[in-house]
Amino acid sequence: MSSSSLPDKDQYDPTFVNSRREAIVIFGSWVVALIWAVPYCYLNGYNVADPENIKTVLGMPAWLFWGIAAPWIVANLFTTWFCFAYMKDDDLGVNPDEEVETDSQQEEDEDEEGNE
Amino acid sequence: MTNIMLFAAGSSNAALWTFLIYMLAVFSLAAFSNKLLKGKNFLSEYFLGSRGLGVWAFALTFAATSASGGSFTGFPSKIYTHGWVLGLWIGSYIVVPICAMGLLGKRINQVARISSSITVPDILRDRFRSVSFGLIAVSLIVFFMAFNLVAQFKSGSLILKTLVLDVTVFQNASTAVSGWIQGVSFFEGVDAGYLICLLTFGVAVIVYTTYGGFHAVVWTDVMQGIVMVVGVLIMLPLALMLVGKDAPEGTGSLQYATQQMVHMVPPEKGTATIHRANNEETKVVVRQGDWLTLSAEPVRLFRVTKEKEIAAGSASVAAVPVLEIMTPADIKRVLENKDTSIRSDLRVDLQSLQMTAYMFGGEEDRNGNGQLDYGEDKNKNGELDYGEDKNKNGQLDDGEDQNNNGQLDGAEDRNNNGQLDGAEDRNKNGKLDHPQKGLYVTGPGPDPNQMNGFLPLSLAFSFFFMWAISGSGQPSSMVRLMAFKDAMTLRRSIFTVAMYYSMIYFPLVIIFCCARILLPGMENEPDRIMPAMAVFLTENIGLGWLAGLLVAAPFAAVMSTVDSFLLMISSSLVRDIYQRNIDPKVKEKTIKILSYVFTLIVGVGAMLGAVNPPQFLQDIIVYTGSGLAAAFLGPMVFALYWPRSNAGGSIAGMLAGFAAHLSMYCGGILANDSFFQPYRLFNFDPIIIGLVTSFTVTYVATLLTEPPPEDLVRKYFYKTKES
């Protein structure tokens, strides 16, 4: 079918390659969150044998603390790592609108420096 | 503890003032945004803010648009009604920011720049060089968004009405308007108060959105986003502090709240005839929220759900909707509270009571082990589905029978004096002898209408899918992803939104679990729990004016959703239909006028639609939100990340996702007699069926059709300067 004359994959636009890799990692994090949170809460928070003496952590039911609250903190740590250590500052290309602009320029490019 | 009714009036003026100040700020922002329109590419600035959003603007507009009015009305009322399990219901919010912004963000922004796209249909059209794809996308967006907009307008008006309900000016205006609209067929059956709120809300949103465009929307979103988080952060410590007041030494506030919730029993809903307790002849109003008792041992406590009146000269009023509080500790708390006024001039008629227990959570736990066992279990499935064998004699006896609609019908389930009799395991005071324990602190949570409880396992999975995955498939989110300035802005914004959601969603669960203890009996009007709680908390610390700010939060939330949807529809019409299909050489000036006019027309149209809005408000919002994701996410993911994707495959995937999702809802008409109770294939929500279909069909249909033109692939996937 495709006897293409397209360049090799190593000629792919790095923004595309990086964002695809990042998307896969993000999707993976969702899968991990799902696999942990829902089964954990179901196994420990449903059909509780002795609800009158339900265990609590920091005042909330323990199943919810370990199933959602604690993972929430972990997820935030992951997000922090992802945003500041993993995700690349790729070039997004020129802003097509700026070519149209004549006299008005974008003022103050808030702290461009200091990344990576 | 203070009765909220007492201070509702005091705080309502604060709410009114907050609202006015708020509106003033919104209009100022719109005026300022309008200035920005000068000297820039009008279309791009008006609909996309010239792709120049920085971290705060981008993060907060994204967060505020996603957090629709539901976050501050529906969600708190759900927490209040079902308890701690709501923590699991919103569990996927731990990854929502990174998913919703990160899955598509960087790449969609880049592709939009390459193709000079301003709207989502723009991207699809250019990426695949297919005019028909663009038009299909526009049609779907306009179809879903128009319905959604009408529902959101209604939602906004209802919230506004809640805020100003007790304001004298509003009450007088309602009476006046009620007189004017009487006899006009268009307004038949329309509540005058609602109409006033709709006009106020509608005109405000339409004016600032039309005038200011995208930047106005973004800046008001930022302001609204700040209001929301400040509201929550003020409420959290106050709620914990007030709950902790009754806690024994050494027990933390939240610990105490959870312990109290363990013993809570869901209320029962029904109707009662209410008599005068004296011999007066004048008219007596039975107000919503009034407390009534029925002398018995122990006392039975009721709360009026809907206002009724005993006419002058009449001794009673029949069929007053009431709620019966079933938790002994709650009853004690209400009765002992000196600020709660129990209506001593009214009497509940015992014989007339027709009460219905929760479908899940209202049953007896006869051997007291915390679980429903054989013979008690409604659908788990000991075969006793409808018509429980309550006295375990193997047959359905008098007063136990139920009809086959799956609902406990009070008249069938009780004897004629309106009480459950001994054979049904309740004593003569209508109380459960052995209520189930821990319903509000475990899954699946009590539910008035669902036999399997509020959040059975399959639904927990579905919601995990829904928030994180379908959230990234919303075209309104995609538009925002096209507007940020650079990749660094995206990185910082994802982090900001993650922190922002952490400060809102889980704290809300805690606050409204505390509300169960602080404000018993709010099941009579659960959608008012947010303003009621705001008023309660602030009055208790003597800062009533703060309530104004807190109750503005839900209003802010719905406003920030409506404005962006409004802009999405008008941008589709101006850009995708007019400029790209009717008159590509249209002058900037004409575009400008058209943008204003279309935004105005769409807004006014939605407002008129909301005068007589369709009933199922929340259902429409869910249907349209999930429908958009089912249609758009699959094709967009492939368009961005798969060089092989082509127009044919993606169009097929979009239509298949749309159709599969719609067919689940149509299946609901056959299976459940209602479009809005969709058929759940394999017990999954329609969104999952729609997404799976859409991804599969896009993939397969793409492979079966010709590869895309090479120059297109080169343009979107390869380095521009090839070596």
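Author: Helices (H or I, at least four residues) and strands (E, at least two) are DSSP runs, numbered from the N terminus. This is a predicted model, in which local features need pLDDT of at least 70, side-chain atom pairs count only at pLDDT 80 or more, and totals for chains, interfaces and linings use all residues. Residues are numbered from 1 along each chain as its sequence is written, while chains are lettered from A and ligands numbered from 1 in the order in which they are written.

Reader: In which loop of chain B is Pro444(B) found?

Author: Pro444(B) is joined to Gly443(B) by a cis peptide bond, with omega about 0 degrees. Pro444(B) is found in chain B in the loop between helix H14 (410-413) and helix H15 (457-472).

Reader: In what order do the elements of chain A run from the N terminus on?

Author: Chain A contains 3 helices and 2 strands. Read from the N terminus, these elements follow the order α-β-β-α-α.

Reader: What percentage of the 723 residues in chain B is made up of buried residues?

Author: A residue is buried if 20 or more other C-beta atoms lie within 10 Å of its own, exposed if 12 or fewer, and partly exposed in between, with C-beta atoms placed from the backbone. In chain A, 33% of the 116 residues count as buried. Chain B has 24 helices and 8 strands. Among the 723 residues of chain B, the buried share is 57%.

Reader: Which element gives the most residues to the side of chain A that touches chain B?

Author: Two residues are in contact if their C-beta atoms, placed from the backbone, lie within 7 Å. By this rule, 69 residues of chain A are in contact with 66 residues of chain B. Helix H1 (14-45), strand E2 (60-61), helix H2 (62-86) and helix H3 (96-100) of chain A each supply at least two residues to that side of chain A. With 17 residues, the element that gives the most is H1(A).

Reader: How many residues of domain 2 of chain B are in contact with domain 1 of chain B?

Author: Chain B is divided into domain 1 (4-239 + 445-585) and domain 2 (265-424), with bounds that come from an automatic or database domain assignment. In domain 1 of chain B, 15 residues are in contact with domain 2, and the number of domain 2 residues they meet is 20.

Reader: Which residues of chain A is Cys99(B) in contact with, leaving aside its neighbours within four places in sequence?

Author: With those neighbours left aside, Cys99(B) has contacts in both chains. In chain B they are Ala468(B), Ile469(B), Gly471(B) and Ser472(B), and in chain A they are Ile26(A) and Trp30(A).

Reader: Is Val232(B) buried or exposed?

Author: Val232(B) lies in helix H11 of chain B. Not counting residues up to four places away in sequence, Val232(B) touches Met503(B), Ile504(B), Pro507(B) and Leu508(B). Because 21 other C-beta atoms lie within 10 Å, Val232(B) is buried.

Reader: How many of the 12 residues of H18(B) are buried?

Author: The end C-alpha atoms of helix H18 (residues 529-540) of chain B are 16 Å apart, which agrees with the span of 16 Å for its 12 residues at 1.5 Å a residue. The buried residues of H18(B) include Met533(B) and Phe536(B). H18(B) is mostly covered, and the number of its 12 residues that are buried is 10.

Reader: What is the phi of Ser116(B)?

Author: Ser116(B) lies in the loop between helix H7 (105-114) and helix H8 (120-128) of chain B. Because 15 other C-beta atoms lie within 10 Å, Ser116(B) is partly exposed. Its phi is positive, in a residue other than glycine, and is near 55 degrees.

Technical notes: Expected span 1.5 Å × (residues − 1).
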